[in-house]
Amino acid sequence: MLIVGNGRLISRSKISPYPENGALALDGDTVKETGALEAMRAKYPDAEFVDARACAYTTVLDFAEPERGARFGSNELLYPIDGVPMIERAFAAVPPEPFDRACVVSRYPEGYIRGEVRGYHAIFNPRAAKGQSTSIRLGLSALLFTNRT
């Protein structure tokens, strides 16, 4: 079990989508839970902990898309909204420039190649079908545990 926390978390949780002092608990290839850091550490006291604030200005964009096209019938990254592919909207919303280190993780060339062109450290995830946590782990490894930018 691994807990990554001590920073703002943006999640799909309907209960707490933007906790200021958020965390996520990773169990193998699964994002087990998200929520407040204190709650995660209390619930999983033996989990390894990675302090996100120790690596300030780090971001991981995850474009794993585990359910390949389940909702859209094709690669969701390229689905246009008002003529602009979703991936381009994500890059515009979270540009790499404000961060010391930023990466994009994807199983698709459309994700990591476009990310690299825009200044992200691009990472291919061959295990994306195993779950979103595989992308989070790859991104954290690249950004937190190495000097690569």
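Me: Is Ala-23 buried or exposed in this model?
Reply: In this predicted model, Ala-23 has a relative accessibility of 1%, and because the cut-off for buried is under 20%, Ala-23 counts as buried.

Me: Which strand is Ala-23 in?
Reply: Ala-23 lies in strand β2, which covers residues 22-27.

Me: And what does Ala-23 touch, leaving aside its neighbours within four places in sequence?
Reply: With those neighbours left aside, the contacts of Ala-23 are Ile-3, Val-4, Gly-5, Leu-9, Glu-33, Thr-34, Gly-35, Leu-37 and Met-40. For Gly-35, which is 12 residues away along the chain, the C-alpha atom is separated from that of Ala-23 by 5.6 Å.

Me: Which residue of β2 is the bridge partner of Gly-5?
Reply: That partner is Ala-23. As for the strands themselves, β1 (residues 2-7) and β2 pair in the antiparallel sense, over five bridges.

Me: What's the strand order in the open sheet?
Reply: The order is β3-β2-β1-β4, an open sheet of four strands with mixed pairing. From one strand to the next, the twist averages 20 degrees.

Me: Which strands stand at the edges, and why is one side of each left without a neighbour?
Reply: The edge strands are β3 and β4 (48-51), and each of them has a single partner strand, so one side of each has no neighbour in the sheet.

Me: Changing topic, how many salt bridges are there in the whole structure?
Reply: A search of the whole structure gives three salt bridges. One of them joins Glu-33 to Lys-43, with the closest N and O atoms 3.0 Å apart. This pair links distant parts of the chain, since Glu-33 is in strand β3 (residues 30-36) and Lys-43 is in helix α1 (residues 37-43), 10 residues apart.

Me: Glu-33 was on the Ala-23 contact list too. What's the relative accessible area of Glu-33?
Reply: The value for Glu-33 is 23%, and Glu-33 is therefore partly exposed, whereas Ala-23, at 1%, counts as buried.

Me: Which residues are linked in a network of salt bridges?
Reply: The network is made up of Glu-88, Arg-114 and Arg-118. The side chains of Arg-114 and Glu-88 meet at 2.9 Å, N to O, and this pair connects helix α3 (residues 109-117), where Arg-114 sits, with helix α2 (residues 86-93), where Glu-88 sits, the two residues being 26 apart. Arg-118 also forms a salt bridge with Glu-88, its closest N and O atoms being 2.9 Å apart.

Me: Is Glu-88 buried or partly exposed?
Reply: Glu-88 has a relative accessible area of 17%, and because buried means under 20%, Glu-88 is buried. Arg-114, at 25% relative accessibility, counts as partly exposed, and Arg-118, at 31%, counts as partly exposed as well.

Me: How do the axes of α2 and α3 cross?
Reply: The axes of α2 and α3 come within 11 Å and cross at roughly 35 degrees, and the crossing in which α2 passes α3 is right-handed.

Me: Which residues meet there?
Reply: From α2 there are Ile-87, Glu-88 and Phe-91, and these meet Glu-110, Gly-111, Arg-114 and Gly-115 of α3. Sorted by class, the contact of α2 with α3 has two nonpolar, two polar and three charged residues. Both Glu-88 and Arg-114 take part in this contact, and their side chains also meet in a salt bridge.

Terms used:
Residues are numbered from 1 along each chain as its sequence is written. This is a predicted model: local features need pLDDT of at least 70, side-chain atom pairs count only at pLDDT 80 or more; totals for chains, interfaces and linings use all residues. Side-chain values use heavy atoms; hydrogens and water are left out. Buried means under 20% relative accessible area, exposed over 50%, partly exposed in between (1.4 Å probe, protein chains only). Contact means heavy atoms within 4.5 Å. A salt bridge is a side-chain nitrogen of Lys or Arg within 4 Å of a carboxyl oxygen of Asp or Glu. Two strands pair if DSSP finds at least two bridges between them. Axes are lines fitted to C-alpha atoms, for helices over the stretch in contact, and angles run from 0 to 180 degrees between N-to-C directions. A crossing is left-handed if the near helix is turned anticlockwise from the far one by less than a right angle, and right-handed if clockwise. Ala, Val, Leu, Ile, Met, Phe, Trp, Tyr, Cys and Pro count as nonpolar, Asp, Glu, Lys and Arg as charged, and the others, Gly among them, as polar.
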